[in-house]
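This briefing sets out the geometry of one protein chain, grouped by topic. Please keep the sequence and the structure open while reading.

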Amino acid sequence: MKLKNIFLKKANLTEDQKAERFWKWFDKHQNKFLFLSDITESEKDKLMDEFLKELHKFNEDIYFEIGGHPEDEKVELVISAEGIVEHFPAVEKLTSFAPEYKNWDIIAFKPPMGTGFSLNYRGKKFDPEKIIYIPLTSKQDPKAIGFNVCYPDFEESEKEIFVNGTYLILDTIIGEKSCALDIDHMEVIRTPENIVDYDFGHLSNIAEYITERKNVC
């Protein structure tokens with residue numbers, strides 16, 4: 001009976017208690033996550049699985065990234081909701097309970113990284129310096145921020161690849177929170193033949209466009 005009561009007590013932890021439990025675990029095990037680049041891939045995979053298992057004891061719908069620049073004094077631990085707004089409160093709750101660490105920056109949501117990069121996703125290269133977007137306006141909702149992202153080789157059969165690749169680019173440029181909250185509509189299309197007749201920009205400048213639209217609205 002006593003053993004059963006212990007399990008019930010653990011299962012009924014409040015969200016605050018779960019957050020505290022996670023950071024107590026991290027405080028105890030943090031050092032082995034500092035040098036992931038210095039271990040084998042199999043060892044790294046084991047550690048990442050261990051971390052995710054502990055994180056999901058707090059909330060099964062949030063994820064993490066560990067990284068940062070090699071020359072930085074601190075390693076970044078990013079807690080992410082993968083852009084799903086309904087899980088944002090869980091990220092904010094957990095990170096609000098994070099202690100100060102000498103070797104870690106605890107960051108809520110994937111931060112904006114700016115431009116100057118390209119990525120390969122499922123066999124296609126996405127370069128924000130070359131990708132064109134066309135701003136959209138809505139009479140029903142003049143404050144809405146929307147745009148079409150254009151690809152000369154877009155095919156409807158590969159729409160999922162283009163959509164996911166585009167969101168990866170946006171997520172990196174403007175950050176997870178802005179990508180989820182500031183963009184009301186985004187569509188991927190084949191580049192119009194008369195693109196020169198449109199008022200278009202390049203995806204590398206999308207942060208400026210979003211800021212400008214928010215200030216106007």
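Two strands count as paired if DSSP finds at least two bridges between them. Helices (H or I, at least four residues) and strands (E, at least two) are DSSP runs, numbered from the N terminus. The model is a predicted one, in which local features need pLDDT of at least 70, side-chain atom pairs count only at pLDDT 80 or more, and totals for chains, interfaces and linings use all residues. Residues are numbered from 1 along each chain as its sequence is written, and side-chain values use heavy atoms, with hydrogens and water left out.

**Overall**

- The protein chain contains 7 helices and 9 strands.
- Its C-alpha trace spans about 75 × 40 × 35 Å along the principal axes.
- Of the 217 residues in the protein chain, 37% count as buried; buried means under 20% relative accessible area, exposed over 50%, and partly exposed in between, with a 1.4 Å probe and protein chains only.
- Contact means heavy atoms within 4.5 Å. Among contacts in the protein chain between residues at least 6 apart in sequence, 69% join residues at least 24 apart.

**The sheet of 4 strands**

- This sheet is open, has the strand order β8-β7-β6-β9 and shows mixed pairing.
- Strands β8 and β9 form its edges, each pairing on one side only.
- Strand β6 (residues 132-136) pairs with β9 in the antiparallel sense over 2 bridges.
- Within that pairing, I132 stands opposite H202 in β9.
- Helix α5 packs on the sheet, touching β7 (146-151) and β8, and the direction of α5 makes about 130° with that of β8. Axes here are lines fitted to C-alpha atoms, for helices over the stretch in contact, and angles run from 0 to 180 degrees between N-to-C directions.
- Helix α7 lies across β6, β7 and β9 and runs at about 10° to β6.

**Helices α5 and α7**

- Helix α5 (residues 159-174) and helix α7 (residues 206-216) pack with their axes 9 Å apart, at an angle of about 70°.
- That angle makes α5 roughly perpendicular to α7; angles under 35 degrees count as roughly parallel, over 145 as roughly antiparallel, 65 to 115 as roughly perpendicular and the rest as oblique.
- On the α5 side the contact involves L170, I173 and I174, which meet I206, A207 and I210 in α7.
- By class, the contact of α5 with α7 has 6 nonpolar, no polar and no charged residues. Ala, Val, Leu, Ile, Met, Phe, Trp, Tyr, Cys and Pro count as nonpolar, Asp, Glu, Lys and Arg as charged, and the others, Gly among them, as polar.

**The sheet of 3 strands**

- A second open sheet has the order β1-β2-β3, again with mixed pairing.
- Strands β1 and β3 are at the edges with a single partner strand each, so one side of each has no neighbour in the sheet.
- Neighbouring strands of this sheet are turned by 20° against each other on average, direction ignored.
- Strand β1 (residues 63-67) runs antiparallel to β2 and is joined to β2 by 5 bridges; the bridge partner of I66 in β2 is L77.
- Strand β2 pairs with strand β3 (residues 104-108) in the parallel sense, over 5 bridges.
- Strand β2 (residues 75-80) is largely enclosed by the rest of the structure, because 5 of its 6 residues are buried.
- Helix α3 lies across β1 and β2, running at about 140° to β1.

**Helices α2 and α3**

- The axes of helix α2 (residues 15-29) and helix α3 (residues 41-58) come within 8 Å and cross at roughly 160°.
- Helices α2 and α3 are therefore roughly antiparallel to each other.
- Residues of α2 in the contact are E15, K18, A19, R21, F22, W25, F26 and H29, and they meet E50, F51, E54, L55, K57 and F58 in α3.
- By class, the contact of α2 with α3 has 7 nonpolar, 1 polar and 6 charged residues.

**A loop residue**

- E193 is found in the loop between β8 (185-190) and β9 (201-202).
- E193 counts as exposed because its relative accessibility is 86%.
- The C-alpha atoms of E193 and P152 are separated by 9.1 Å, while the two residues are 41 residues apart along the chain.
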